[in-house]
Amino acid sequence: MARAKTSAFFCQNCGYESSKWMGQCPACREWNTFVEELVDRKALSTSGKIKPATEAKPVPLSAIKTSDEERISTSMPELDRVLGGGVVKGSLVLVGGDPGIGKSTLLLQVCRNLSGQNLSVLYVSGEESLQQIKLRAERIGTFSDHLELLCETSLDTIRTVIERNKPQIVVIDSIQTMYNENVSSAPGSVSQVRESTGVLMQIAKGMDISIFIVGHVTKEGVVAGPRVLEHMVDTVLYFEGDRHESYRILRGVKNRFGSTNEIGVFEMRTEGLVEVENPSEYMLSGKPKDASGSVVACSIEGTRPILLEIQALICHSYFNNPRRTATGTDFNRVNLLMAVLEKRIGMQLSDCDAYVNIAGGIRMNEPAIDLGIVLAIMSSKLDLTIDEKTICFGEVGLSGEVRGVSMAEQRVAEAAKLGFEVCILPKVSLPSVGKKYAMKLIGVANVREALDAIQA
């Protein structure tokens, strides 16, 4: 029977389908996310009989044999760390980020490294011409003939090329430009993105091909399209950072083959993205000397200790409602810590403007930086200068207590390697650190003792 073209409404956040427009999605409870799309629906068979699919048999768990998945190194240790050790064959990786952040540049460098290992790589671009890609490639470096380029948006054509050439790595730039002829809606719509990703997933799993997908992001910073897109892929990577700054952070938010706590740090240069092997050194570059309101704290991202500078500026407010801002950390957490200081040690902050910043453009939400935020606020309010060779870490509770954090010894070791001489840490973490490092360790049990430590 002929196809019936109908109109349906889809939620752009979760992909929920409805026959009419609704202000709020009943599935994800988001407002004003429904868009109208044309869909094709094949008429149901009038015979009433359904042809059974291939017979499926359940398998006991004990009968399943496992083996370590074979990974392909990208020759970029920062990227391999985030991926969990390399690219897994047959995996589907989604890379998202703001426009101009460097997604295409990163993947083109990955293609160069993989093609240099005599792996067949196919780079499919739906946004740029072959000449534009060539110009970027000349800036990055030398490429081997194992890399092939294809400018195409038709998914059927792309599938034909993949089945004929059988590449080992495929890059799709981007999923919002791909067009599936079986779906009547426009490229980039909810239906197109969902169906196109489903086709690519079948190719990756069926032909054992590793596929990288570039995804556009919305103004909220999440991948555009239905939320189900992130559920379908194996790995989701976000490229973060200010495109006007030179440093970028690659963060994994989903990974079926590794940890989601690792990050990779890159620097954007003329010749492309360059890995930053020691992020702590770059985070502390340009730290002011003899300035109040500045302290160095230590955070952990995955297995990597990262030292960062926390800055605070506390000044008297001339308005009824003081201004509070937080850059690089949670705004509500900063307000909570200021309330703790006002309640537990009597520091008057209710009539002060407060500005807290993590230098370097990085964002950290680990509770271990609580003590650093508290000390920076104390330092600015009392106009005390904290010695530049002092570092701190610890979680602060509502009672003003300084609680222990994980991997305390690794944090102290990283600080000692960079030449720090004093470390203010939770008192309960002192036994786990020991006395093997040539640093003065000051254990504090609450914010009052932390204040005494910087006043000494």
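Ser104, Thr105, Leu108, Gln109 and Arg112 in helix H2 meet Ile133, Arg136, Ala137, Arg139 and Ile140 in helix H3. Here, contact means heavy atoms within 4.5 Å. These contact residues of H2 and H3 divide into four nonpolar, three polar and three charged. Ala, Val, Leu, Ile, Met, Phe, Trp, Tyr, Cys and Pro count as nonpolar, Asp, Glu, Lys and Arg as charged, and the others, Gly among them, as polar.

The model is predicted: local features need pLDDT of at least 70, side-chain atom pairs count only at pLDDT 80 or more, and totals for chains, interfaces and linings use all residues. Residues are numbered from 1 along each chain as its sequence is written, and side-chain values use heavy atoms, with hydrogens and water left out.

Now find the two helices. H2 covers residues 103-115 and H3 covers residues 130-140; their axes come within 11 Å and cross at roughly 70°. That makes H2 roughly perpendicular to H3. Angles under 35 degrees count as roughly parallel, over 145 as roughly antiparallel, 65 to 115 as roughly perpendicular and the rest as oblique. Axes are lines fitted to C-alpha atoms, for helices over the stretch in contact, and angles run from 0 to 180 degrees between N-to-C directions. Helices (H or I, at least four residues) and strands (E, at least two) are DSSP runs, numbered from the N terminus.

Move on to H4 (residues 155-165) and H5 (residues 190-207). Their axes lie 11 Å apart, at an angle of about 10°. H4 and H5 are therefore roughly parallel to each other. H4 brings Leu155, Arg159, Ile162 and Glu163 to the contact, and H5 brings Ser196, Val199, Leu200, Gln202, Ile203 and Met207. By class, six are nonpolar, two polar and two charged.

Ser174 lies in the loop between strand S9 (169-173) and H5. A cis peptide bond joins Asp173 and Ser174, with omega about 5°. Asp208 sits in the loop between H5 and strand S10 (210-215). Asp208 is not a glycine, yet its phi is positive, about 60°.

Next come the aromatic rings. The structure holds two aromatic pairs (ring centres of Phe, Tyr and Trp, its six-membered ring, within 6.5 Å; planes under 30 degrees apart are stacked, over 60 edge-to-face, the rest tilted). The rings of Tyr16 and Phe34 have centres 6.3 Å apart and planes at 90°, so this pair is edge-to-face. Tyr16 is in the loop between strand S1 (4-11) and strand S2 (17-18), while Phe34 is in strand S3 (residues 34-41), 18 residues apart.
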